[in-house]
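Take a look at the structure below. We will walk through the ligand site, then turn to the charged pairs.

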Amino acid sequence: MRNEILNLLKKEEKFSEKTIDEIREIEINDFAEIIKEVGQNPTEYIRREEIVKDLDTEFIGNELYIFKEVMSTNTVAKFLSENGCENGCVIISEKQSDAKGRLGKSWESPLGGIWLSIVLKTQVEHSKLPMITLATGVAVQKTLEKAGITNAEIKWPNDIMINGKKVSGILTEAITKFNTIENIIVGVGIDANFDVNVLSKELQEGSTTLDIELGHRVDENEIIRIFLEEFEKITLMFNDGEFEQILKEWRKNSYSIGKIVEVREPFNKSYDGYVLGISREGALVVEKIDGTLEKVISGECIIKN
Ligand code: BTN
């Protein structure tokens with residue numbers, strides 16, 4: 001974490017004359033304040049005033065920090081969540097240099113994408129955590145619908161797909177103390193306005209962008225605003241315990257249900273099966289070739305048909 005913050009500060013004019021050791025001397029609380037200051041400086045492509053001008057939320061985005069480049073918005077969000085930010089604080093970056101994907105993978109985040117993290121200071125049970133990821137998927141799908149993309153689907157647990165190609169991913173991280181979840185960081189990446197050829201070779205074929213799908217560039221600031229509003233709506237539903245409603249929305253736009261898949265669970269457990277649906281807890285329900293049912297809580301699900 002320190003590394004992330006040090007790198008962030010080193011790029012700022014105010015600190016460019018200082019050595020890393022001098023920056024290291026700064027008190028941890030002061031660090032948080034400095035990060036907040038930097039996050040309020042104007043940025044070129046993502047514009048605070050454009051996002052907040054019509055933003056219709058109660059708490060999501062009341063605190064909003066935008067950076068030119070960080071290693072990972074999830075890491076900055078985690079740091080701020082532990083050092084003084086509010087519920088609903090949003091961290092956005094125009095670029096990320098070391099972003100995190102699920103299952104320890106990295107996430108490519110060039111200029112032109114939407115890379116953001118939201119801090120939720122909600123105490124939830126561990127078993128309800130997958131539901132936050134599913135709910136976020138619904139919020140992304142609804143955002144894309146409002147942007148004119150009516151065929152976005154959610155691939156369990158966290159990919160948003162358009163015509164079989166990935167356009168968005170979600171990484172939910174819980175910050176626990178004594179086994180209790182204190183803060184939740186919801187990280188969302190949306191491929192908006194860049195050429196997929198800037199991604200590494202292995203990602204190019206399976207990725208798409210909003211620009212490609214709509215045939216024109218999108219206003220990233222508007223997409224962010226819509227997403228924050230949709231995210232707040234679904235978070236309020238989550239807080240009210242309306243899990244069935246969230247799952248109903250998820251099922252309506254599921255890419256996974258009815259498909260033959262290869263499930264890869266942690267610890268090398270893998271098998272093929274048919275996706276029957278999603279359980280009340282947000283687990284994928286898969287019928288294996290031998291007819292037995294499995295509830296998949298975490299892992300990967302590769303579509304075979
Ligand atoms: C995945 O599909 O593997 C999840 C990708 C999540 C990427 C987002 S981009 C903003 C936030 N910061 C990160 O480092 N990761 C998430």
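**The ligand and its surroundings**

In this predicted model, a polar backbone atom of Arg-102 sits 2.7 Å from an oxygen atom of the ligand. The protein covers 97% of the ligand's accessible area, which is 420 Å² for the ligand on its own.

Side chains make contacts too. Gln-96 places a polar side-chain atom 3.0 Å from a nitrogen atom of the ligand. Thr-73 does likewise, with a polar side-chain atom 3.1 Å from a ligand nitrogen.

Which residues come nearest to the ligand? They are Ser-72, Gln-96, Lys-100, Arg-102 and Lys-166, out of 20 residues around the ligand.

Now look at where the shell comes from. Five elements each supply at least two of its residues: helix 6 (73-82), strand 2 (90-100), strand 4 (114-120), strand 7 (165-177) and strand 8 (180-190). Strand 7 gives the largest share, with 4 residues. The space that the ligand takes is the largest pocket.

**Charged pairs**

Next come the salt bridges. The structure holds 23 of them.

Begin with Glu-33 and Lys-36. Their salt bridge has its closest N and O atoms 4.0 Å apart. Both residues belong to helix 4 (residues 28-38). They are 3 residues apart, so about one helical turn separates them. How exposed is Glu-33? Glu-33 has a relative accessible area of 44%, so this residue is partly exposed. Lys-36 is at 11% relative accessibility and therefore counts as buried, the cut-off for buried being under 20%.

Move on to helix 11 (residues 243-252), which holds both Lys-252 and Glu-249. These two are also 3 residues apart, about one turn of the helix. Their side chains meet in a salt bridge, 3.4 Å from N to O. Are the two partners buried or exposed? Lys-252 has 61% relative accessibility, so this residue counts as exposed. Glu-249, with a relative accessible area of 13%, is buried.

Salt bridges can also share partners. In this way Glu-265, Lys-269, Lys-288 and Glu-294 are joined into one network.

The last pair is Asp-159 and Lys-155. Their side chains form a salt bridge of 3.5 Å, N to O. Here Asp-159 is buried, and Lys-155 is buried as well.

Methods: Residues numbered from 1 in each chain as written. Predicted model: local features only at pLDDT ≥ 70, side-chain atom pairs only at ≥ 80, totals over all residues. Heavy atoms only, no water. Buried < 20%, exposed > 50% of the residue type's maximum accessible area, 1.4 Å probe, protein only. Near = heavy atom within 4 Å. Polar contact = N/O pair within 3.5 Å; in protein donor to acceptor, adjacent residues only side chain to side chain. Areas by Shrake-Rupley, 256 points an atom, 1.4 Å probe, with all protein chains shown as cover. 1 Å grid on protein atoms, 1.4 Å probe; cavity = no way out; pocket = protein on both sides within 12 Å on 5 of 7 lines; lining within 4 Å. Sits in = over half its atoms within 2 Å of the grid points.
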